[in-house]
Structures are given as structure tokens and as C-alpha cells.
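Let's explore a protein together, one question at a time. Have a look at the sequence and the 3D view first.

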Amino acid sequence: MPVMVFDHPLIKHKIAILRSKDTPMKEFRELVEEITLVMSYEAFKDAPTQKVTVETPLETCEQEMVAERSIAIVPILRAGLGMVNGVHKIFPNARVGHIGMYRDEETAIPHEYYCKLPEGIENMSVILLDPMLATGGSACDAIALLKNRGVKNISFMAIIGCPEGIKKVSEEHPDVKVFVSTCDRCLNENCYILPGLGDAGDRLFGTK
């Protein structure tokens, strides 16, 4: 499976601040958005394009643009919402779908509770967003859901990943590109990433 772990000093700097337990909610949210934006340039380097004619102040030329209705962003609720604006800053016309999943606190098994996807998503390049790739359960289930809807071009983007989650996605969906800004050490007994940054959803939305 194509897996890209970013090795960029700007991202490393922002991750260090993101991890700190003393980083307040507003700054945490801004950092998630900023890291996503930087990652998006690489994640979308193969975005579908179309040729258009542009009239400059001097002459007419042919230019490539991202094809209309070719990109869809699908955050996995709720933490994935924190990454949407980062992608939208470079693809403001990208359609947005939502997949809602929650993790059983005892079994760590993900359960779907909501799904709303753009019309024609089967013909789009889709990028799934979730700040944490931990067990890989939610990612794999969301990818399977998209495939069942006919989507063929799928990528997955996370801020923090770990070997267990990357391995699971690799085994179940070897055709999906995975982008993570950093790969952490392991999961603990409660299936939280170490060293990680805690619960991304709680820190994004101030629920704890």
C-alpha cells in the first residue's frame, strides 16, 4: 500500500505544539487545520485536471485546472470535521460528505451511525479525513462503505498514525493511499496512540 509519512520541519514543529496537554482548544483546532493544509498539497498532487482556455492581459493560452466536481472530502465524524477547512482552503469547491462512527469504549469496535455523501461520489476522487489512525477499524469500515457506493479512487489522511492502524488498512485495502504526518510508537491497552495527543475530538471541541 502506498503510505506517505511526512518528513517536513514545519509539520514537525506544529505536531510538537499539538501534542502538548497545555495547548488550548482554539490553538489545537488551528494547528489541525494548518497541518491538514500542508499535507493536502501532496495528497492531491494527482487530482484530476481539465484543460481550459485563459485570456491573459497579453494573449490567450491553454491551462490546466482541477476538474469540476472531481474532488470529495469525507470526514469521519466527529474529529474529522477539524480537518475539512484545511482541505477547503486549497479546494474550496470540493464536495463534502460525512460518515459518522463511534468506537465502543469496551471493545474498540467502530459502529456506523450516519452517512451522507455527495451525489455522483462514485466518479470523484475521495479523501477520507480522521486526525487519528489508531486501530484502523473506523478507517477500514469507512473505506468499505465508500467502495460499496462505487467509489474507486480513495485516499486516507490522518494527522497521527501508528503501525497497528497502518497495517490494518494495508491488509484490508491495499489500493488506498494513506497519508500521515507522523507515525507514533504503538497503541496502549485502551487503544490510544502513544505518545499521541489524547482524544482529538475532545480537544477539538472542548468536550472534556
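The questions below go through salt bridges, a strand pair and pockets.

This is a predicted model, where local features need pLDDT of at least 70 and side-chain atom pairs count only at pLDDT 80 or more, while totals for chains, interfaces and linings use all residues. Residues are numbered from 1 along each chain as its sequence is written, and side-chain values use heavy atoms, with hydrogens and water left out.

Q: How many salt bridges does the count come to?
A: Side chains of opposite charge can pair when their charged atoms come close. Here a salt bridge means a side-chain nitrogen of Lys or Arg within 4 Å of a carboxyl oxygen of Asp or Glu. By this rule, the count is 13 salt bridges.

Q: Which residue forms a salt bridge with lysine 14?
A: The closest N and O atoms of this pair are 2.7 Å apart. Helices (H or I, at least four residues) and strands (E, at least two) are DSSP runs, numbered from the N terminus. Lysine 14 lies in helix α1 (residues 9-19) and its partner in helix α2 (residues 25-43), so the pair ties together parts that are 20 residues apart in sequence. The partner is glutamate 34.

Q: Is aspartate 184 buried or exposed?
A: Aspartate 184 forms a salt bridge with arginine 19. Buried means under 20% relative accessible area, exposed over 50%, and partly exposed in between (1.4 Å probe, protein chains only). Because its relative accessible area is 6%, aspartate 184 is buried.

Q: Which residue in β3 is the bridge partner of valine 54?
A: Two strands pair if DSSP finds at least two bridges between them. Strands β2 (residues 49-55) and β3 (residues 60-66) pair in the antiparallel sense over 7 bridges, and a hairpin joins β2 to β3 through 4 residues. The partner of valine 54 is cysteine 61.

Q: What is the volume of the largest pocket?
A: On a 1 Å grid over the protein atoms alone, a pocket is an open set of points where a 1.4 Å probe fits, with protein on both sides within 12 Å along at least five of seven lines; lining residues have an atom within 4 Å of a point. Grid points are joined across faces, edges and corners, and a volume is the space filled by probe spheres set on the points. For the largest pocket, this volume is about 680 Å³.

Q: Which residues lie closest to the centre of the largest pocket?
A: The largest pocket is lined by 33 residues. Elements giving two or more residues to this lining include β4 (71-77) and α4 (137-148). The closest to the centre are Ala79, Arg103, Asp130, Ser138 and Asp199.
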